[in-house]
Amino acid sequence: MFNNTRIALFEHLKTPCYFYDTDLLHRTLFAIKEAANLYNYKIHYAIKANANENILRIISSYEIGADCVSAYEIERSLNCGFKPSKIVFAGVGKTDDEIKYAINKDIYCINCESLEELNVINSLARILKKKVRVALRINPNINAETHENITTGLDTNKFGIPYKDLIVITDNIHNYSNLIIDGLHFHIGSQITNLNVFRNLCNKINEIQEYLNSKHITVNHINVGGGLGIDYKKPEGQIPDFQAYLEVFKKNLNTDENQSVHFEPGRSLVGQSAILLSKVLFVKENGSRKTMIIDAGFTELIRPALYQAEHKIINLSSNEAYETYDVAGPICETSDYFGRSIQMSKSKRGDLIAILSTGAYGEVMSSQYNLRTPALKYYSKDFELAENEILL
């Protein structure tokens with residue numbers, strides 16, 4: 001992603017800004033498609049990870065589906081080339097209008113997250129005179145071994161249908177005459193790097209399927225959600241090992257020949273494809289600490305403040321010896337730090353700073369707090385002509 005020619009071009013950009021390596025994105029999408037095709041698995045990209053329209057159009061061009069958590073995400077997915085037949089709609093708090101929108105757009109499936117929601121979908125489908133495909137999102141009470149704010153599969157989380165309510169649903173399944181309940185849905189968390197967690201999920205899904213079989217209920221698809229993590233410490237050019245990830249499900253998930261298996265990756269597809277570029281405003285000493293103030297803040301990348309997330313940070317302008325910095329933004333909040341005790345080349349005012357692995361939950365979670373204007377976006381494909389001219 002970095003060479004002298006490209007860095008020279010970066011120097012002229014107004015910062016803070018996002019730079020997307022679309023070449024890496026293409027290679028990542030090809031890798032997951034190739035791995036999924038080995039087992040005939042279905043992929044739905046989690047729109048919430050990055051809803052940039054240029055990025056979505058690239059992803060949809062690979063005939064990948066979309067995983068949406070709002071009607072607005074469904075609308076953008078459709079506008080960016082995703083087929084309705086490949087869109088799934090989850091979300092713990094869908095409004096009636098959102099549910100009706102999804103029904104009218106004839107998307108593949110609504111993933112239902114509570115007993116009450118199931119009754120609402122059934123009622124709205126009856127009013128609209130439609131039969132609606134539904135998957136039951138079950139809370140499997142599995143520890144994803146990730147940050148507590150991105151864990152979604154424990155009993156204490158707000159997501160999914162508790163097992164006790166699954167029993168109520170199966171005992172009264174005849175009451176849902178306007179629904180086609182033909183799927184199970186799970187999602188236990190994000191940034192999961194221990195593949196044993198997914199083995200535990202497979203075991204829980206197998207147990208639930210055994211219970212359904214005892215009730216003579218079969219489902220046509222199993223949606224195992226997403227959650228595969230990326231390497232934030234050594235990010236440059238990294239493509240996740242999708243084959244190893246999918247093999248866990250192939251070896252441990254019990255399915256019959258008529259069941260399709262669906263995945264909802266987000267971060268693992270786009271996370272490494274972007275960097276946040278910023279410039280040093282000031283370097284000052286706070287007691288024994290040396291603090292670097294840059295022009296990007298948590299308005300552009302909130303993950304460090306919200307999740308205590310660590311991103312690799314490098315100085316693109318300096319080759320001097322390393323020093324130790326606390327890297328902070330300009331926002332009028334004490335939490336506006338990207339990292340503390342960061343080893344980085346000696347830095348000065350005006351140096352160009354790159355924060356890596358910001359393709360997921362970066363731009364999409366940005367805000368205009370302090371009345372900041374949204375960061376501009378640039379793409380590697382737009383730089384190719386200029387790079388060639390410099391090289392010539």
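**Reading ring pairs, charges over rings and cysteines**

Mentor: The structure holds 12 aromatic pairs. This is a predicted model: local features need pLDDT of at least 70, side-chain atom pairs count only at pLDDT 80 or more, and totals for chains, interfaces and linings use all residues. Residues are numbered from 1 along each chain as its sequence is written, and side-chain values use heavy atoms, with hydrogens and water left out.

Trainee: What describes a pair of aromatic rings?

Mentor: The distance of the centres and the angle of the planes. Rings of Phe, Tyr and Trp (its six-membered ring) pair if their centres lie within 6.5 Å; planes under 30 degrees apart are stacked, over 60 edge-to-face, the rest tilted. Take Tyr-245 and Phe-263: the centres are 5.7 Å apart and the planes at 70°, so this pair is edge-to-face.

Trainee: Which parts does the pair of Tyr-245 and Phe-263 tie together?

Mentor: Helices (H or I, at least four residues) and strands (E, at least two) are DSSP runs, numbered from the N terminus. Tyr-245 lies in helix α9 (residues 242–252), and Phe-263 in strand β9 (residues 260–263). The pair therefore ties together parts 18 residues apart in sequence.

Trainee: Is Phe-263 buried or exposed?

Mentor: Buried means under 20% relative accessible area, exposed over 50%, partly exposed in between (1.4 Å probe, protein chains only). Phe-263 is buried, at 0%. Tyr-245 is buried too, at 3%. Phe-263 also pairs edge-to-face with Phe-249, at 5.0 Å centre to centre and 90° between the planes. Phe-249 lies in helix α9, so this pair ties together parts 14 residues apart in sequence. Phe-249 is buried, as is Phe-263.

Trainee: Which residues do ring pairs link into a cluster?

Mentor: Tyr-39, Tyr-41, Phe-198, Tyr-245, Phe-249 and Phe-263.

Trainee: Where does the charged end of Lys-94 sit?

Mentor: First the rule: a charge sits over a ring if NZ of Lys or CZ of Arg is within 6 Å of the ring centre and within 35 degrees of the ring normal. The charged end of Lys-94 sits over the ring of Phe-89, 5.5 Å from its centre. Arg-340 lies over the face of Tyr-337, 3.6 Å from the ring centre.

Trainee: How many disulfides does a search of the whole structure find?

Mentor: A disulfide is a pair of cysteine sulfur atoms within 2.5 Å. The search finds zero. For Cys-68, the closest cysteine sulfur is in Cys-80, 11 Å away, too far for a bond. For Cys-112, the closest is in Cys-109, at 9.7 Å, again too far. Cys-68 is buried, with a relative accessible area of 0%. Cys-112 is buried, also at 0%.
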